[in-house]
Amino acid sequence: MKRLNYPFSPEAVRELKVGDMVLISGKLFTGRDAVHKYLHDGNKSPVNLKNQIIYHCGPVTMKDKKTGKWTVTAAGPTTSIREEPYQWEVIRDHGIVGVIGKGGMGQKTLDACKEYGCVYLHAIGGAAQVLAEKIKSVDGLYLEEFGLPEAIWELTIEDFPVVVTMDAHGNSLHKEVENSSKEVLKAIL
Amino acid sequence: MTKKLPAKKPVSKSASKKPIKKPIAKAKKLDPKTQTIESLLELIRVTSTEIPDDVAKTLMKARSQEEQNTTASYAMGIIKDNIDLAKFKSQPLCQDTGTVIFFVYHPPGFFQNAFKDLIKKAVVKATQKGYLRQNSVNSLTGENAGTNLGEGHPSVHFYEHNKKEVEVKLVLKGGGCENVSTQYSLPDTTLGAGRDLAGVRKVVIDAVYKAQGKGCGPGALGVCIGGDRADSAYNAKKQLLRKLDDKNSIPELASLENEIVETCNKLGIGPMGFGGKTTLLSCKMTHANRVPASYFVSISYMCWAFRRQGVVLDKKNTIKKWLY
């Protein structure tokens, strides 16, 4: 088990390799479909994403009626491939060093990871409770107008479990599994 | 995360023995409508936060088959922890609480519209309580009203049956697995799939291959052979109501179901697409007549977080029995 601690950097994520199981501590920003399209359309990010990790997640959130404080009660990853048209650009223009999601991403993102020093970290899809437990505080809410699941949530995390499935050296577990299963498929059909 | 835990966790299997209703609610003697909403709310809560026993059993078996110290076994371990934690905290297994699909089986002379109104009220309440995420988006405007109500939401299907009681089944179908669900039109020349069961087998396996890890595998399939495009897709989804350990009454389909599971698990896609032994937990198939010109095969892919539950309501609209 490896560790990735805040503050993050391109140098630190370049140390990670496909297959590494990693516990992340520090900070995350959620961002999914609406946020990626928004940034792709040339809008300014409401938060500085330089050297940050973006999490493809639309959490279940609850607001305490008395204190107005938010808690995240369920927070697993959403399917990342929908962001494939935008992700490389967000890595390039905003300097993010990590993308957490599920299902993996494509060649454009893999190339951007290599060029700019970024890594794709696979969280366990559907494990909304285990992952919500690792969120220690909600520190900010931006772009609320997209709806709560689609907004940017700034979160403090501790020992957030992920698996590196695309590293900054051009390797992708998703490509490997797809190729090997393709061979089996050919034999079966 | 500071939510108050329920004093006693209702266990779905032994529900008939243990009263599920909180004593306070019972003492109040709710009017029939409020009682129905309360029962439906409990159905939504249990569906969103607890995995049915048949699915849990299959998942735990799959977990034990993965090799130790692999990312696959790591994933299955987190899946197990998540199942336990969601139940303990009474919070959603998965943050994507999906399309809310009700199947209502009722005796003759039942008021469907009135019941649908109560379902809607229960859905709004479940959303306020965090059992459901604000998950319904207007496809034209992009607006999310935050209630899970809207054009076509929740999805409610009524069936008349010959029993005296009302049965309500609920499936929460997440978007990730819905996105890898698909429909083929046979013959399919790229796959060399003709209009027969051998062709059906090919397209189903192809669908599992194409899904890779994107549908939150290990997954479970509902399949319909035939029907028009709409009925075919709907009937495939309805197969998800079957228990994973049941047996198809049509022998050809029963053996095809088993063979597809075995074969798909040779693909090596594994949990989350990390590579591994279990790619598919189950495959449930049905058929519907078609017109001579069409031959559709529809595949509904369900993620490991297979959220399905059902209840029988008694005359007072309290939960008499859990179905899964």
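Domain bounds, as used here, come from an automatic or database domain assignment. In this predicted model, that assignment divides chain B into domain 1, made up of the segments 30-50, 93-174 and 307-322, and domain 2, which covers 176-302. Taken over C-alpha atoms, the centres of domain 1 of chain B and domain 2 of chain B are separated by 27 Å.

Where the two parts meet, 13 residues of domain 1 of chain B are in contact with 15 residues of domain 2 of chain B. The area buried between domain 1 of chain B and domain 2 of chain B comes to about 1,000 Å², and carbon and sulfur atoms give 60% of this area.

Turning to specific interactions, the rule finds 1 salt bridge across the interface of domain 1 of chain B and domain 2 of chain B. K173(B) forms a salt bridge with E178(B), with 2.7 Å between the closest N and O atoms. Across the interface of domain 1 of chain B and domain 2 of chain B there are also 8 residue pairs in polar contact, both residues of each pair being at pLDDT 80 or more.

On the side of domain 1 of chain B that touches domain 2 of chain B, at least two residues each are supplied by strand 1 (99-106), strand 2 (155-160), strand 3 (166-173) and strand 8 (307-313) of chain B. Strand 3 of chain B gives the largest share of that side, namely 4 residues. Sorted by class, the side of domain 1 of chain B that touches domain 2 of chain B holds 6 nonpolar, 2 polar and 5 charged residues.

Terms used
Residues numbered from 1 in each chain as written. Chains lettered and ligands numbered in written order. Predicted model: local features only at pLDDT ≥ 70, side-chain atom pairs only at ≥ 80, totals over all residues. Heavy atoms only, no water. Contact = heavy atoms within 4.5 Å. Buried area = accessible area lost by both parts, 1.4 Å probe. Salt bridge = Lys/Arg side-chain N within 4 Å of Asp/Glu carboxyl O. Polar contact = N/O pair within 3.5 Å; in protein donor to acceptor, adjacent residues only side chain to side chain. Nonpolar A, V, L, I, M, F, W, Y, C, P; charged D, E, K, R; others polar.
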